[in-house]
Amino acid sequence: MIEERAIVTSVDGEQIFIQALNMGNCQRCAEGRGCGGGLLGRLARHRQYSIPATSQVKGLQAGDAVVVGIGGDALLRASAMVYLLPLVGMIALGAFASVVLNAGDLLVAGFSVSGLAAGLLMVHWKSRSLDARHFRPVILRKDRFGADSCPRLTETS
């Protein structure tokens with residue numbers, strides 16, 4: 001199981017939403033007292049999303065720092081789907097245009113881009129048909145360091 005720190009953003013009955021605790025929302029880094037990730041977070045201006053999570057911990061409230069986990073096999077399957085399907089589509093259609101059609105470079109490039117787009121559409125279609133519960137993070141425990149500690153400067157175990 002791969003573990004990461006997060007903050008509970010909202011609790012609505014049984015539904016719990018979390019946001020990854022990264023250097024962009026680390027209070028110490030934002031004040032310049034941490035590892036410097038707050039500056040990088042402000043420069044990159046990454047948008048943060050709250051995602052649903054299942055919980056093994058009772059009594060969570062918005063603002064609680066937690067440790068979440070996701071199965072390594074789920075992460076590997078999701079990564080393979082997101083990266084390999086478009087890549088395989090791009091290579092397959094590019095090779096088809098080159099070998100079977102004896103096309104020129106411009107047409108091979110066009111087929112390759114079409115294969116990439118087809119692979120991305122397949123990922124989109126496949127992700128809608130998957131059971132998302134297998135890929136949902138699980139809240140394992142409350143974080144003993146709290147939300148205002150730097151994720152890089154503290155241990156979570």
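Begin by selecting Asp 64, which sits in the loop that links β3 (51–55) to β4, where strands are DSSP runs of E with at least two residues and helices are runs of H or I with at least four, numbered from the N terminus. The model is predicted, so local features need pLDDT of at least 70 and side-chain atom pairs count only at pLDDT 80 or more, while totals for chains, interfaces and linings use all residues. Residues are numbered from 1 along each chain as its sequence is written, and side-chain values use heavy atoms, with hydrogens and water left out.

Asp 64 is buried, at a relative accessible area of 18%; buried means under 20%, exposed over 50% and partly exposed in between, with a 1.4 Å probe and protein chains only. Show its side chain, which reaches the backbone nitrogen of Gln 61 at 2.8 Å. Beyond neighbours within four places in sequence, Asp 64 is in contact (heavy atoms within 4.5 Å) with Ala 6, Ile 7, Val 8, Gly 59 and Lys 142.

Next, select Leu 60, whose contacts, with the neighbours within four places again set aside, include Val 8, Ile 16, Val 66 and Ile 139.

Finally, move to Ser 112 in helix α4 (residues 105–129), a buried residue with a relative accessible area of 16%.

Methods:
Polar contact = N/O pair within 3.5 Å; in protein donor to acceptor, adjacent residues only side chain to side chain.
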